[in-house]
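Me: I have a structure to go through with you. Shall we take it in questions and answers?

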Amino acid sequence: MIPIARPQIGEDEKQAVWAVLESGMLAQGPRVAEFEGKFAAYCGVRHAVATSSGTTALHVALLAHGLGPGDEVITTPFTFIASANTVRYVGATPVFADIDPLTFNICPEAVEAAVTERTKAIMPVHLFGLSCDMDALMDIAERHHLAIIEDACQAHGATFRGQRAGSFGIGCFSFYPTKNMTTAEGGMITTDDDAIAERARVIRQHGMRRRYYHDEVGYNFRMTDVHAAIGLAQLPRLESFNEARIANAAYLNAHLKGVITPTTPEGYRHVFHQYTVRVPGGRRDDVVTGLRERGVGCGVYYPVPVHRQRIYADVTCSCPEAERASEEVLSLPVHPGVKRADLGQIVKAVNELCGP
Ligand SMILES: Cc1ncc(COP(=O)(O)O)c(C=O)c1O
């Protein structure tokens, strides 16, 4: 079976982890600080604050903005549950704006329509490795005095008009093993805002500015040096990982038949965390079964939009495009471990099942 995801772990990662284990300093320490510096430079921002996961990065970013009960955060319903749940963690209310059917990303016009006097932030999610339309979203944020908390958990190295995802507002990344680079578990907040970075560091570490003096209730959301060591070995490989994903996606775009292949609008760099096609006509689930029978691993991200999840049953919103996408999407393997022969097998299987 060609897996839908496979982390690329080599000798550098193993040796880096071994060195940390040998050093006797395992928790947050010099490797985390080094990883933060290098990841900030990669994203083109002044600060990066490492966390234990992408979820805790989003949670800390929301807390660092002082968001809480009574505040609304506009986000997409077509995402992993963590985006909306973190808004709930801080007691604020997620408000869902529908997606653009071509890009699967939040639609700026829908965001504009969802703004109320309680709106405090927009959380765009750069889904599948494609940036949202940041010109339009930054313009809305500026006019309504809103913060932008980018869920860049799937977008390491994606760009919008040459600027890296995670550098527009406050960026939040995940290093879960399926992501374009990994630390096993881990996350990162990226920002040019000195005050937000400072707040994030304090919240991440039990609200502690001075050792064992606590002025507020914080959390243990730290990354360990073991995880940062993996990240330091992965970061120099990220561009080659992304290039491999882009090349694999281009091959599939050129050869797949009977499905709607992903769009990369002019001015965007899509890094294909997922290569997601649409299978219209209610045939998606049969195609999933057929692909697996033919040795092609695939995934459905996401079969139920967030506003249709039981835990969001109290939410009323109209997001027909997110609902349609949930019925039609299918993701195929393009990770760097996918070779030309695998691509041939994927194309043959999809075209047999969907082609004319
Ligand atoms: C869009 C999105 N947001 C948030 C997260 C949460 O990241 P993590 O799994 O590292 O907590 C993920 C990752 O799974 C994600 O894909």
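What follows is a set of questions and answers on this predicted model.

Me: How many helices and strands are in the protein?
Reply: Both element types occur here. The protein has 14 strands, and its helices number 12.

Me: What radius of gyration does the protein have, against that of a compact globule?
Reply: The chain has 356 residues. A compact globule with 356 residues would come out near 21 Å. The protein agrees with that, because its radius of gyration is 20 Å.

Me: How far apart are the mean positions of the positive and negative charges?
Reply: There are 34 positive charges and 40 negative ones. Their mean positions are apart by 5 Å.

Me: How many aromatic pairs does a search of the whole structure find, and what is the geometry of Phe 78 and Phe 104?
Reply: The search finds 16 pairs. Phe 78 and Phe 104 make one with centres 5.9 Å apart. Their planes are at 40°, between the 30 and 60 degree cut-offs. The geometry is tilted.

Me: How many residues apart are Phe 78 and Phe 104?
Reply: Phe 78 lies in the loop between β2 (72–75) and α4 (82–89). Phe 104 lies in the loop between β3 (93–96) and α5 (108–114). The pair links distant parts of the chain, with a separation of 26 residues.

Me: Which loop holds Tyr 302, the partner of Phe 80?
Reply: Phe 80 and Tyr 302 form a tilted pair, 6.4 Å centre to centre with 35° between the planes. Phe 80 sits in the loop between β2 and α4, 222 residues from its partner. Tyr 302 is in the loop between α10 (284–293) and α11 (320–328).

Me: Is Tyr 302 buried or exposed?
Reply: Phe 80 is partly exposed, because its relative accessibility is 48%. Tyr 302 has a relative accessible area of 14%. The cut-off is under 20%, so Tyr 302 is buried.

Me: Which residues form one aromatic cluster?
Reply: Both pairs described above belong to it. The cluster consists of Phe 78, Phe 80, Phe 104, Phe 128, Tyr 301 and Tyr 302.

Note on methods:
Residues numbered from 1 in each chain as written. Predicted model: local features only at pLDDT ≥ 70, side-chain atom pairs only at ≥ 80, totals over all residues. Heavy atoms only, no water. Helix = DSSP H or I, 4+ residues; strand = E, 2+ residues; numbered from the N terminus. Rg over C-alpha atoms; globule rule 2.2 N^0.38 Å. Lys, Arg positive; Asp, Glu negative; His and termini not counted. Charge placed at Lys NZ, Arg CZ, Asp CG, Glu CD. Phe/Tyr/Trp six-rings, centres within 6.5 Å; stacked < 30°, edge-to-face > 60°. Buried < 20%, exposed > 50% of the residue type's maximum accessible area, 1.4 Å probe, protein only.
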